[in-house]
Amino acid sequence: MSLRVMGQAAVTMNQLQQQLDVIGHNIANASTTGYKQRTSEFSDLLFQQIHNMTQPGNEVGRSTNDGIRIGTGAKLGAVNNDFSIGSLQNTDRPLDIALTQPTHFMQVITNVNGREEIHYTRDGSLYVSSEGNDLVLVSKDGHPINGENGPIRFSNNIDSIRIGTDGRVYVTENGAEQYAGTIQVRHITKPRLLEATEDNIFQLRVQNTGFNEAEIAQLVDENNIMESGKLEMANVDIGLQMVELMNAQRAYQVNARSITMADQMQGLVNQLR
């Protein structure tokens, strides 16, 4: 029995360590623009059903299952993203934008093993990067922002840039304003299919789901989908994360204590003569 207790506790401690890693990641990114906090969901592992009811009369009026159910521990069932909107911060910077709807995401072009892929982000801190004789609109990590026909490019002789509330980008050159492209904003109908990757971006996982990317990532062509001169801050609730941290630590300590007590009991049994 003591070996069973030690195995259950060890399995659960391993999963609690993963939860602590998730909480630590949330706290570390509490100041990251557009970051979405992650939540942990636990599920039970297999149960062993032991039928030890030898007296049928004892089953009368019983509200729980017959016999004894012995579990084998718990596991981290899923790590989900909370896509609620964070607070908006005024920056008065023309290249800072904040999306107004929680299921809207900008498309960025990433390079994965030499192959270009479309990923998604809500981090609206944009910059311009030099590429040959042109400038390209990029995220703060250098990923090009996707327009109607690929990256949004313009001359390196521009005087200013303006981003409208509909995502359209205008540049002023020699006193004349001209259209440069439209930031591709997509409405994600099933946000749980978004998987967080590096650089605060998400990848849409549709393999083996029965859906295709076009029906899940729908083009948004509306006004007032973003605000210029503002940034969406992380939606991390530090108070809640500290409570979750303490609960996880206490659960970890309880399981560690279970292993210690089971080991002590095993030692007493071994000393019996």
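Is Asn174 buried or exposed? Select Asn174: its relative accessible area is 71%, so it is exposed, where buried means under 20% relative accessible area, exposed over 50%, and partly exposed in between (1.4 Å probe, protein chains only).

A quick word on what you are looking at. This is a predicted model, in which local features need pLDDT of at least 70 and side-chain atom pairs count only at pLDDT 80 or more, while totals for chains, interfaces and linings use all residues. Residues are numbered from 1 along each chain as its sequence is written, and side-chain values use heavy atoms, with hydrogens and water left out.

**Stop 1: two asparagines in loops**

Stay on Asn174, in the loop between β15 (168-173) and β16. Strands here are DSSP runs (E, at least two residues) and helices are runs of H or I with at least four, numbered from the N terminus. Check the backbone: phi of Asn174 is near 55°, a positive value in a residue other than glycine. For background, most residues other than glycine have a negative phi.

Now pick Asn113, in the loop between β7 and β8 (115-121). Its phi is near 55°, again positive in a non-glycine residue. Asn113 is exposed, with a relative accessible area of 80%.

**Stop 2: salt bridges**

How many salt bridges does a search of the whole structure find? The count is 10, taking a salt bridge as a side-chain nitrogen of Lys or Arg within 4 Å of a carboxyl oxygen of Asp or Glu.

Start with Glu177 and Arg162, whose side chains meet in a salt bridge at 3.1 Å, N to O. This pair links distant parts of the chain: Glu177 is in strand β16 (residues 176-182) and Arg162 in strand β14 (residues 160-163), 15 residues apart. Glu177 counts as partly exposed at 45% relative accessibility, and Arg162 is partly exposed too, at 40%.

Next, select Arg168 and Asp166, which form a salt bridge at 2.9 Å, N to O. Arg168 is partly exposed, with a relative accessible area of 26%, whereas Asp166 counts as buried at 15%.

Then go to Arg205 and Glu195, with a salt bridge of 3.2 Å, N to O. Arg205 lies in the loop between β19 (202-204) and α2 (213-216) and Glu195 in strand β18 (residues 194-196), so the pair ties together parts that are 10 residues apart in sequence. Arg205 is partly exposed at 33% relative accessibility, and so is Glu195, at 37%.

Finish this stop by selecting Lys36, Arg122 and Glu232 together: salt bridges that share partners join them into one network.

**Stop 3: aromatic rings**

Phe83 sits in the loop between β4 (74-81) and β5 (88-90), and Phe105 in strand β7 (residues 104-112), 22 residues apart. Phe83 is buried, with a relative accessible area of 12%, and Phe105 is buried at 0%.

Move on to Tyr170 and Tyr179, with ring centres 5.9 Å apart and planes at 65°, so this pair is edge-to-face. Tyr179 counts as partly exposed at 41% relative accessibility.

**Stop 4: charges over rings**

What lies over the face of Phe105? Bring back Arg122, which is at 5.8 Å from the ring centre. A charge sits over a ring if NZ of Lys or CZ of Arg is within 6 Å of the ring centre and within 35 degrees of the ring normal. Another one to select is Arg93, over the face of Tyr127 at 4.3 Å from the ring centre.

**Last stop: helix α1**

End at Ile27, in helix α1 (residues 2-28). Ile27 counts as partly exposed at 30% relative accessibility.

Technical notes. Rings of Phe, Tyr and Trp (its six-membered ring) pair if their centres lie within 6.5 Å; planes under 30 degrees apart count as stacked, over 60 as edge-to-face and the rest as tilted.
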